[in-house]
Amino acid sequence: QMVARSSLSILDSDNVAMNRETDLELARAAIPANLKLIEGLILELPDNAELRLQAAQGFYGYAYGFIEDEDAARASGLYRRGLGHALHALTVIGLSGDIAALPQKELEHQLAALDRAAVPALFWSATCWAKWIDMNRDDPARIAEMGKAAALMTRALELDENYYHGGPHLFFGVYYGAKPPMFGGDFARSAQHFDKARATSGGKLLLVDMLRAQYLARQQLDRRQFHERLTAVVNAPSDIFPEMALANAIARQKAGQLLKKEEEWF
C-alpha cells in the first residue's frame, strides 16, 4: 500500500504525458498497460478515489478514441468498466447506496449535499454512464438510466461548469443536440452549451466542434455547418492545444471519418 500511494504522483505525470501525445498508434499501444497498472494499484487501495477516477478516465478515453468505431460491443464493456470505477469513487466521497438503483428523487437529494470536491467523480461517472447507455440504446433498461446520468452531470455543471475544459457543457451540448425535439432534444439549449464549452478552451479543444457537427448539425440537417466545422477540425494545426494534443488528434481522425459520411447523411 505504501508503494501504491507513492505511485500516485507518477500516475499524474503519466496522465499529463499521455494527454500531450500526438501519435495515435503509440497512445493506443500504451494505454492498456497503463490501465492494468492502475487496476493493480486499486487492488491495494480499493477505496482510493484518485485511482478510481484515473481508471474511469482511462477506460473512457481508450474506448472512445480507439475501440468504439470498430467494435461497439467491446467499447460497451470498457465504458461499463470505467463507470464501475467512477461510481465507486462517488461512494468514497459521500454518496450512499446503490446509485443505479436509487430512486431519482433520493439521488438528487444526495447530490445536492455534495461540494466542488465531488466534481471529478460526478463528471466521469456521468460521462461513462452516458456512453454505456449510447452503446446499448436498444435496451430499455439502459435508456431509463439516462436521467440519472444527466442528474450527476447537472450537479457537476452547477459546481464547476469549466471542469475538464468545459466538459459539463460539452455533455449537455450532445445531450440536447442528439435527439429530435419530440424526444426531448432542444437545439437552442444544445447550441448554448456548445458555445460555452468552446469558449472555455478558446476554441482550442477540437472535440467541441467535431461533436457539434456530429450531433447538432446533423440533427438540424445543416450540411453547411456540418461540413465547415469538420473541415476546420481536420485542418487545425497539430499544436493548437499541446496540453490536449491526444484528444485533438482523436477529434481530427473522427472528423475525417464523419466527412466521408456527408453524402450519405445529407
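Student: What does buried mean for a residue here?

Tutor: Buried means under 20% relative accessible area, exposed means over 50%, and partly exposed is in between, with a 1.4 Å probe and protein chains only. The model is predicted: local features need pLDDT of at least 70, side-chain atom pairs count only at pLDDT 80 or more, and totals for chains, interfaces and linings use all residues. Residues are numbered from 1 along each chain as its sequence is written, and side-chain values use heavy atoms, with hydrogens and water left out.

Student: Why is Lys254 called buried?

Tutor: Lys254 has 6% relative accessibility, so it counts as buried.

Student: What makes the pair Asp69 and Lys254 a salt bridge?

Tutor: A salt bridge is a side-chain nitrogen of Lys or Arg within 4 Å of a carboxyl oxygen of Asp or Glu. For Asp69 and Lys254 the N to O distance is 2.8 Å, so the pair meets that rule. The pair links distant parts of the chain, 185 residues apart: Asp69 is in the loop between α4 (49-67) and α5 (72-93), and Lys254 is in helix α14 (residues 245-259).

Student: Why can such side chains pair?

Tutor: Side chains of opposite charge can pair when their charged atoms come close.

Student: How many salt bridges does the rule give?

Tutor: The count comes to 17 salt bridges.

Student: What makes Lys131 and Asp134 about one helical turn apart?

Tutor: Lys131 and Asp134 are three residues apart in helix α7 (residues 119-135), so about one helical turn separates them. Their side chains form a salt bridge at 3.4 Å, N to O. Both belong to a network of salt bridges that links Glu68, Lys131, Asp134 and Arg137.

Student: Are Lys131 and Asp134 buried or partly exposed?

Tutor: Lys131 has 10% relative accessibility and therefore counts as buried. Asp134, with a relative accessible area of 22%, is partly exposed.

Student: What is the distance in the salt bridge of Asp209 and Arg229?

Tutor: The distance is 3.0 Å, N to O. This pair links distant parts of the chain, with Asp209 in helix α12 (residues 206-219) and Arg229 in helix α13 (residues 223-234), 20 residues apart. Asp209 has a relative accessible area of 9%, so it is buried.

Student: How do you know that Ser125 is buried?

Tutor: Ser125 has 0% relative accessibility, so it counts as buried. Ser125 lies in helix α7. Contact means heavy atoms within 4.5 Å. Not counting residues up to four places away in sequence, Ser125 touches Leu83, Ala86, Leu87, Leu90 and Leu152.

Student: Which residues does Thr127 touch?

Tutor: With residues up to four places away in sequence not counted, Thr127 touches Tyr60 and Met153. Thr127 also lies in helix α7, and its 9% relative accessibility makes it buried.

Student: How many helices and strands does the protein chain have?

Tutor: The protein chain has 15 helices and zero strands. Helices (H or I, at least four residues) and strands (E, at least two) are DSSP runs, numbered from the N terminus.

Student: Why is the protein chain called as compact as a globular protein of its length?

Tutor: Its radius of gyration is 18 Å, close to the 18 Å that the globule rule gives for 266 residues, so the chain is as compact as a globular protein of that length. The radius is taken over C-alpha atoms, and the rule is 2.2 Å times the number of residues to the power 0.38.
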